[in-house]
Amino acid sequence: MGMMTGFLCLHSLLNSMVSVEKVSVRKGALHALAVHTEPSKKDNSAGGFSNSSRILCWILTGPKNLESRTKHLKQTWTKHCHRVLYMSSVKTDFPTVGLNVSEGRENLYWKTIRAFQYIHQHHMDEADWFLKADDDTYVVIENLQYIVSKLDPGKPLYLGRRFRPFISQGYMSGGAGYVLSREALRRFVNGFHTGECTHFSDIEDMALGSCMEKMKVEPVDTRDVKGRQTFHPYPLDHYVIRQLPRARPWHLLYDYYPPNEGPNCCSDFAVSFHYIYPVQQYVLEYFTYHLRPYGYFYRYRPDESRDTNTTDNSSG
(Lines give C-alpha, C1' and ligand atoms only; values in the text may rest on other atoms or scores of the structure.)
Protein backbone atom coordinates (compact mmCIF):
# COMPACT_ATOMS: atom_id res chain seq x y z
CA MET A 1 0.00 0.00 0.00
CA GLY A 2 2.84 2.37 0.86
CA MET A 3 4.55 1.75 -2.49
CA MET A 4 1.25 2.21 -4.35
CA THR A 5 0.51 5.46 -2.50
CA GLY A 6 4.01 6.77 -3.26
CA PHE A 7 3.70 5.87 -6.95
CA LEU A 8 0.34 7.64 -7.28
CA CYS A 9 1.70 10.76 -5.57
CA LEU A 10 4.75 10.84 -7.84
CA HIS A 11 2.59 10.28 -10.93
CA SER A 12 0.30 13.17 -9.92
CA LEU A 13 3.28 15.45 -9.28
CA LEU A 14 4.89 14.70 -12.65
CA ASN A 15 1.63 15.30 -14.49
CA SER A 16 1.22 18.68 -12.81
CA MET A 17 4.82 19.62 -13.73
CA VAL A 18 4.28 18.66 -17.37
CA SER A 19 1.06 20.68 -17.50
CA VAL A 20 2.81 23.76 -16.10
CA GLU A 21 5.66 23.31 -18.57
CA LYS A 22 3.26 23.10 -21.52
CA VAL A 23 1.50 26.29 -20.44
CA SER A 24 4.85 28.06 -19.96
CA VAL A 25 6.02 27.02 -23.44
CA ARG A 26 2.80 28.29 -25.01
CA LYS A 27 3.04 31.60 -23.19
CA GLY A 28 6.73 31.87 -24.05
CA ALA A 29 6.07 31.25 -27.73
CA LEU A 30 3.39 33.94 -27.84
CA HIS A 31 5.68 36.32 -26.00
CA ALA A 32 8.50 35.61 -28.44
CA LEU A 33 6.29 36.40 -31.41
CA ALA A 34 5.32 39.69 -29.77
CA VAL A 35 8.78 40.76 -28.57
CA HIS A 36 11.35 39.53 -31.06
CA THR A 37 9.82 41.29 -34.01
CA GLU A 38 11.57 44.42 -32.76
CA PRO A 39 14.71 45.43 -34.66
CA SER A 40 17.89 44.19 -33.00
CA LYS A 41 20.38 46.76 -31.75
CA LYS A 42 23.71 46.10 -33.42
CA ASP A 43 27.19 47.32 -32.58
CA ASN A 44 28.58 47.98 -36.04
CA SER A 45 32.12 48.15 -34.74
CA ALA A 46 32.05 44.89 -32.81
CA GLY A 47 33.03 42.49 -35.56
CA GLY A 48 36.51 43.83 -36.22
CA PHE A 49 35.56 44.60 -39.83
CA SER A 50 33.74 47.32 -41.68
CA ASN A 51 30.17 46.28 -42.41
CA SER A 52 29.63 49.23 -44.72
CA SER A 53 28.93 46.92 -47.68
CA ARG A 54 25.42 47.72 -48.88
CA ILE A 55 23.31 44.62 -49.43
CA LEU A 56 20.04 44.75 -51.33
CA CYS A 57 17.89 41.74 -50.44
CA TRP A 58 15.17 40.66 -52.79
CA ILE A 59 12.68 37.99 -51.80
CA LEU A 60 11.16 35.63 -54.36
CA THR A 61 7.54 35.28 -53.24
CA GLY A 62 3.96 35.15 -54.49
CA PRO A 63 0.47 36.39 -53.53
CA LYS A 64 -0.45 33.18 -51.68
CA ASN A 65 2.64 33.36 -49.45
CA LEU A 66 2.53 36.98 -48.30
CA GLU A 67 0.54 36.27 -45.12
CA SER A 68 1.74 32.73 -44.44
CA ARG A 69 5.48 33.29 -45.03
CA THR A 70 6.69 36.63 -46.32
CA LYS A 71 5.33 38.86 -43.56
CA HIS A 72 7.44 36.89 -41.07
CA LEU A 73 10.61 37.64 -43.02
CA LYS A 74 9.54 41.27 -43.00
CA GLN A 75 9.38 41.11 -39.18
CA THR A 76 12.73 39.37 -38.74
CA TRP A 77 15.92 39.16 -40.77
CA THR A 78 15.10 41.44 -43.71
CA LYS A 79 15.22 44.37 -41.27
CA HIS A 80 19.00 43.96 -41.34
CA CYS A 81 19.26 44.50 -45.12
CA HIS A 82 20.29 47.88 -46.49
CA ARG A 83 17.33 47.67 -48.87
CA VAL A 84 14.68 44.97 -49.33
CA LEU A 85 12.33 44.26 -52.24
CA TYR A 86 9.59 41.64 -52.40
CA MET A 87 9.22 40.26 -55.92
CA SER A 88 5.90 38.72 -56.94
CA SER A 89 3.76 38.14 -60.01
CA VAL A 90 1.58 41.13 -59.14
CA LYS A 91 1.97 44.48 -57.41
CA THR A 92 0.37 44.75 -53.95
CA ASP A 93 0.31 47.09 -50.95
CA PHE A 94 2.55 44.67 -48.99
CA PRO A 95 4.40 46.14 -50.93
CA THR A 96 5.45 43.76 -53.69
CA VAL A 97 6.95 44.52 -57.08
CA GLY A 98 4.76 43.10 -59.86
CA LEU A 99 6.96 41.32 -62.41
CA ASN A 100 4.15 40.46 -64.84
CA VAL A 101 5.09 36.77 -64.71
CA SER A 102 2.68 33.94 -63.90
CA GLU A 103 3.12 31.96 -60.68
CA GLY A 104 4.38 28.38 -60.67
CA ARG A 105 7.70 26.54 -60.40
CA GLU A 106 7.99 26.53 -64.18
CA ASN A 107 8.22 30.35 -64.04
CA LEU A 108 10.75 30.72 -61.22
CA TYR A 109 13.59 31.53 -63.59
CA TRP A 110 11.47 34.03 -65.50
CA LYS A 111 10.69 35.76 -62.19
CA THR A 112 14.40 35.77 -61.34
CA ILE A 113 15.34 37.25 -64.72
CA ARG A 114 12.68 39.94 -64.47
CA ALA A 115 13.61 40.72 -60.85
CA PHE A 116 17.28 41.29 -61.66
CA GLN A 117 16.34 43.37 -64.70
CA TYR A 118 14.05 45.48 -62.52
CA ILE A 119 16.77 45.95 -59.90
CA HIS A 120 19.33 46.84 -62.57
CA GLN A 121 17.00 49.49 -63.96
CA HIS A 122 15.75 51.02 -60.69
CA HIS A 123 18.14 50.18 -57.83
CA MET A 124 21.57 49.51 -59.32
CA ASP A 125 23.25 52.38 -57.47
CA GLU A 126 21.66 51.64 -54.09
CA ALA A 127 23.75 48.60 -53.19
CA ASP A 128 27.07 46.84 -53.72
CA TRP A 129 25.75 43.28 -53.43
CA PHE A 130 22.40 41.77 -54.44
CA LEU A 131 21.01 38.83 -52.45
CA LYS A 132 18.23 36.65 -53.81
CA ALA A 133 16.38 34.59 -51.18
CA ASP A 134 13.21 32.52 -51.11
CA ASP A 135 10.34 33.34 -48.76
CA ASP A 136 11.27 30.36 -46.56
CA THR A 137 14.97 31.20 -46.18
CA TYR A 138 16.58 32.71 -43.08
CA VAL A 139 19.68 34.88 -43.56
CA VAL A 140 22.16 36.40 -41.10
CA ILE A 141 23.01 39.58 -42.97
CA GLU A 142 25.95 40.56 -40.74
CA ASN A 143 27.72 37.28 -41.53
CA LEU A 144 27.16 37.90 -45.22
CA GLN A 145 28.57 41.39 -44.79
CA TYR A 146 31.64 39.86 -43.18
CA ILE A 147 32.22 37.61 -46.21
CA VAL A 148 31.75 40.33 -48.83
CA SER A 149 33.80 42.86 -46.83
CA LYS A 150 36.90 41.15 -48.22
CA LEU A 151 35.64 41.25 -51.83
CA ASP A 152 35.34 43.91 -54.52
CA PRO A 153 31.78 44.44 -55.82
CA GLY A 154 33.31 45.96 -58.95
CA LYS A 155 34.52 42.48 -59.94
CA PRO A 156 32.22 39.82 -61.44
CA LEU A 157 31.60 37.64 -58.38
CA TYR A 158 28.90 35.16 -57.44
CA LEU A 159 28.40 33.68 -53.93
CA GLY A 160 26.33 30.93 -52.30
CA ARG A 161 26.28 27.18 -51.67
CA ARG A 162 28.19 25.82 -54.63
CA PHE A 163 26.79 22.76 -56.38
CA ARG A 164 28.77 20.60 -58.80
CA PRO A 165 26.63 18.99 -61.56
CA PHE A 166 25.51 20.34 -64.95
CA ILE A 167 27.74 23.46 -65.06
CA SER A 168 31.54 23.24 -65.42
CA GLN A 169 32.32 25.82 -62.75
CA GLY A 170 29.31 24.80 -60.66
CA TYR A 171 26.33 26.91 -59.64
CA MET A 172 24.80 28.24 -56.42
CA SER A 173 21.82 26.62 -54.72
CA GLY A 174 18.68 28.68 -55.13
CA GLY A 175 17.14 27.69 -51.81
CA ALA A 176 20.21 28.65 -49.79
CA GLY A 177 20.18 32.06 -51.44
CA TYR A 178 22.86 33.51 -53.70
CA VAL A 179 24.56 36.86 -54.08
CA LEU A 180 25.68 38.79 -57.15
CA SER A 181 28.21 41.61 -57.04
CA ARG A 182 27.31 44.83 -58.80
CA GLU A 183 29.43 43.83 -61.80
CA ALA A 184 27.92 40.32 -61.86
CA LEU A 185 24.43 41.85 -61.96
CA ARG A 186 25.45 44.13 -64.81
CA ARG A 187 26.82 41.17 -66.79
CA PHE A 188 23.73 39.03 -66.11
CA VAL A 189 21.39 41.68 -67.48
CA ASN A 190 23.70 42.38 -70.40
CA GLY A 191 23.82 38.66 -71.21
CA PHE A 192 20.08 38.64 -71.88
CA HIS A 193 20.34 41.88 -73.83
CA THR A 194 22.96 40.42 -76.18
CA GLY A 195 21.43 36.94 -76.34
CA GLU A 196 24.43 35.25 -74.73
CA CYS A 197 22.09 34.12 -71.94
CA THR A 198 18.65 32.63 -72.57
CA HIS A 199 15.80 31.05 -70.64
CA PHE A 200 16.76 27.52 -71.64
CA SER A 201 15.55 25.73 -68.48
CA ASP A 202 12.94 26.00 -65.72
CA ILE A 203 15.59 25.08 -63.13
CA GLU A 204 16.25 28.58 -61.81
CA ASP A 205 19.53 28.18 -59.93
CA MET A 206 21.21 25.95 -62.52
CA ALA A 207 20.10 28.16 -65.42
CA LEU A 208 21.37 31.29 -63.68
CA GLY A 209 24.65 29.49 -63.02
CA SER A 210 24.96 28.74 -66.74
CA CYS A 211 24.59 32.45 -67.52
CA MET A 212 27.18 33.30 -64.86
CA GLU A 213 29.66 30.95 -66.53
CA LYS A 214 28.99 32.34 -70.02
CA MET A 215 29.42 35.91 -68.76
CA LYS A 216 32.67 34.97 -66.97
CA VAL A 217 31.34 35.62 -63.48
CA GLU A 218 33.60 33.93 -60.94
CA PRO A 219 32.10 31.68 -58.21
CA VAL A 220 33.44 32.46 -54.74
CA ASP A 221 34.32 29.81 -52.17
CA THR A 222 32.17 30.90 -49.21
CA ARG A 223 33.44 28.29 -46.74
CA ASP A 224 35.16 29.64 -43.65
CA VAL A 225 38.86 29.24 -42.81
CA LYS A 226 38.10 25.82 -41.29
CA GLY A 227 36.39 24.62 -44.48
CA ARG A 228 32.88 24.77 -42.99
CA GLN A 229 29.90 25.82 -45.09
CA THR A 230 28.07 29.12 -44.61
CA PHE A 231 25.10 28.78 -47.01
CA HIS A 232 22.70 25.88 -46.37
CA PRO A 233 19.90 24.56 -48.65
CA TYR A 234 18.24 22.82 -45.67
CA PRO A 235 17.69 23.49 -41.96
CA LEU A 236 20.54 22.91 -39.52
CA ASP A 237 19.30 19.47 -38.37
CA HIS A 238 20.06 18.07 -41.86
CA TYR A 239 23.77 18.72 -41.28
CA VAL A 240 24.73 18.99 -37.62
CA ILE A 241 23.69 15.49 -36.46
CA ARG A 242 26.27 12.74 -36.89
CA GLN A 243 24.97 9.99 -39.17
CA LEU A 244 25.64 6.30 -39.40
CA PRO A 245 27.20 5.17 -42.71
CA ARG A 246 24.56 5.54 -45.43
CA ALA A 247 24.00 6.63 -48.99
CA ARG A 248 24.39 10.40 -49.00
CA PRO A 249 21.29 12.49 -49.76
CA TRP A 250 21.22 14.28 -53.09
CA HIS A 251 22.06 17.71 -51.71
CA LEU A 252 25.34 16.40 -50.29
CA LEU A 253 26.12 14.54 -53.51
CA TYR A 254 25.62 17.85 -55.34
CA ASP A 255 28.11 19.71 -53.10
CA TYR A 256 31.08 21.10 -55.02
CA TYR A 257 33.36 20.63 -52.02
CA PRO A 258 33.71 17.49 -49.86
CA PRO A 259 30.75 17.62 -47.45
CA ASN A 260 31.05 17.50 -43.67
CA GLU A 261 28.37 16.12 -41.37
CA GLY A 262 28.15 16.48 -37.63
CA PRO A 263 29.10 19.45 -35.42
CA ASN A 264 31.82 20.61 -37.84
CA CYS A 265 29.37 20.86 -40.74
CA CYS A 266 28.59 24.51 -40.47
CA SER A 267 30.44 27.74 -39.87
CA ASP A 268 30.03 29.74 -36.68
CA PHE A 269 29.39 32.57 -39.15
CA ALA A 270 26.65 30.75 -41.08
CA VAL A 271 24.79 32.96 -43.55
CA SER A 272 21.63 31.08 -44.48
CA PHE A 273 19.28 28.15 -43.93
CA HIS A 274 16.43 27.08 -46.22
CA TYR A 275 13.00 25.59 -45.48
CA ILE A 276 12.64 27.78 -42.39
CA TYR A 277 8.95 28.31 -41.76
CA PRO A 278 7.32 31.12 -39.73
CA VAL A 279 7.81 30.03 -36.11
CA GLN A 280 11.43 29.03 -36.79
CA GLN A 281 12.11 32.44 -38.35
CA TYR A 282 11.48 33.99 -34.92
CA VAL A 283 13.41 31.24 -33.13
CA LEU A 284 16.48 31.81 -35.30
CA GLU A 285 16.14 35.56 -34.90
CA TYR A 286 16.25 35.12 -31.12
CA PHE A 287 19.16 32.68 -31.18
CA THR A 288 21.12 34.92 -33.56
CA TYR A 289 20.64 38.34 -31.98
CA HIS A 290 19.73 37.72 -28.34
CA LEU A 291 20.91 34.42 -26.83
CA ARG A 292 24.40 34.54 -25.33
CA PRO A 293 26.02 32.17 -22.81
CA TYR A 294 27.16 34.24 -19.85
CA GLY A 295 30.91 34.33 -19.38
CA TYR A 296 31.71 32.40 -22.55
CA PHE A 297 34.86 33.56 -24.33
CA TYR A 298 34.27 33.32 -28.05
CA ARG A 299 37.14 31.28 -29.47
CA TYR A 300 36.45 31.32 -33.21
CA ARG A 301 38.35 34.31 -34.60
CA PRO A 302 38.83 33.70 -38.32
CA ASP A 303 40.84 36.85 -38.96
CA GLU A 304 43.34 35.91 -36.25
CA SER A 305 43.58 32.40 -37.73
CA ARG A 306 44.26 33.83 -41.16
CA ASP A 307 46.91 36.20 -39.79
CA THR A 308 48.59 33.31 -37.93
CA ASN A 309 48.60 31.12 -41.02
CA THR A 310 50.08 33.93 -43.09
CA THR A 311 52.82 34.48 -40.50
CA ASP A 312 53.61 30.76 -40.30
CA ASN A 313 53.79 30.43 -44.07
CA SER A 314 56.03 33.44 -44.45
CA SER A 315 58.36 32.30 -41.69
CA GLY A 316 58.55 28.79 -43.20
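## Helices α3 and α5

Helix α3 packs against helix α5 (residues 182–194) at an angle of about 115 degrees, and their axes lie 10 Å apart. Axes here are lines fitted to C-alpha atoms, for helices over the stretch in contact, and angles run from 0 to 180 degrees between N-to-C directions. Helices (H or I, at least four residues) and strands (E, at least two) are DSSP runs, numbered from the N terminus. The crossing of α3 and α5 is left-handed; that word applies if the near helix is turned anticlockwise from the far one by less than a right angle, and right-handed applies if clockwise.

On the α3 side, the contact uses Y109, I113, F116, Q117, I119 and H120, while α5 brings L185, R186, F188, V189 and F192. Contact means heavy atoms within 4.5 Å. By class, these residues are eight nonpolar, two polar and one charged. Ala, Val, Leu, Ile, Met, Phe, Trp, Tyr, Cys and Pro count as nonpolar, Asp, Glu, Lys and Arg as charged, and the others, Gly among them, as polar.

## About the model

You are looking at a predicted model, in which local features need pLDDT of at least 70 and side-chain atom pairs count only at pLDDT 80 or more, while totals for chains, interfaces and linings use all residues. Residues are numbered from 1 along each chain as its sequence is written, and side-chain values use heavy atoms, with hydrogens and water left out.

The protein has nine helices and 12 strands. Among contacts between residues at least 6 apart in sequence, 76% join residues at least 24 apart.

## F188 in helix α5

Where does F188 sit? It is found in helix α5, and with a relative accessible area of 0% F188 is buried. Leaving aside residues up to four places away in sequence, F188 touches Y109, I113, F116, L180, L208, C211 and M212. F188 and I113 are 75 residues apart along the chain, yet their C-alpha atoms are separated by 8.7 Å.

## Helices α3 and α6

Helix α3 (residues 108–122) also packs with helix α6 (residues 204–214), at an angle of about 50 degrees and with axes 8 Å apart. That angle makes α3 oblique to α6; angles under 35 degrees count as roughly parallel, over 145 as roughly antiparallel, 65 to 115 as roughly perpendicular and the rest as oblique. The crossing of α3 and α6 is right-handed. Here L108, Y109, T112 and F116 of α3 meet E204, A207, L208 and C211 of α6. This contact has six nonpolar, one polar and one charged residues.

## Covered helices and a buried tyrosine

How many of the 11 residues of α6 are buried? Nine are, and α6 is mostly covered. The cover over its buried residues includes α3, β4 (129–134), β6, β8 (171–172), β9 (178–181) and α5. After α6 comes K216, with a positive phi near 55 degrees.

Helix α4 (residues 141–148) has eight of its eight residues buried, so α4 is largely enclosed by the rest of the structure. Y158, in strand β6 (residues 157–159), counts as buried at 0% relative accessibility. Its C-alpha atom is separated by 9.9 Å from that of R182, 24 residues apart along the chain.

Conventions
Buried means under 20% relative accessible area, exposed over 50%, partly exposed in between (1.4 Å probe, protein chains only).
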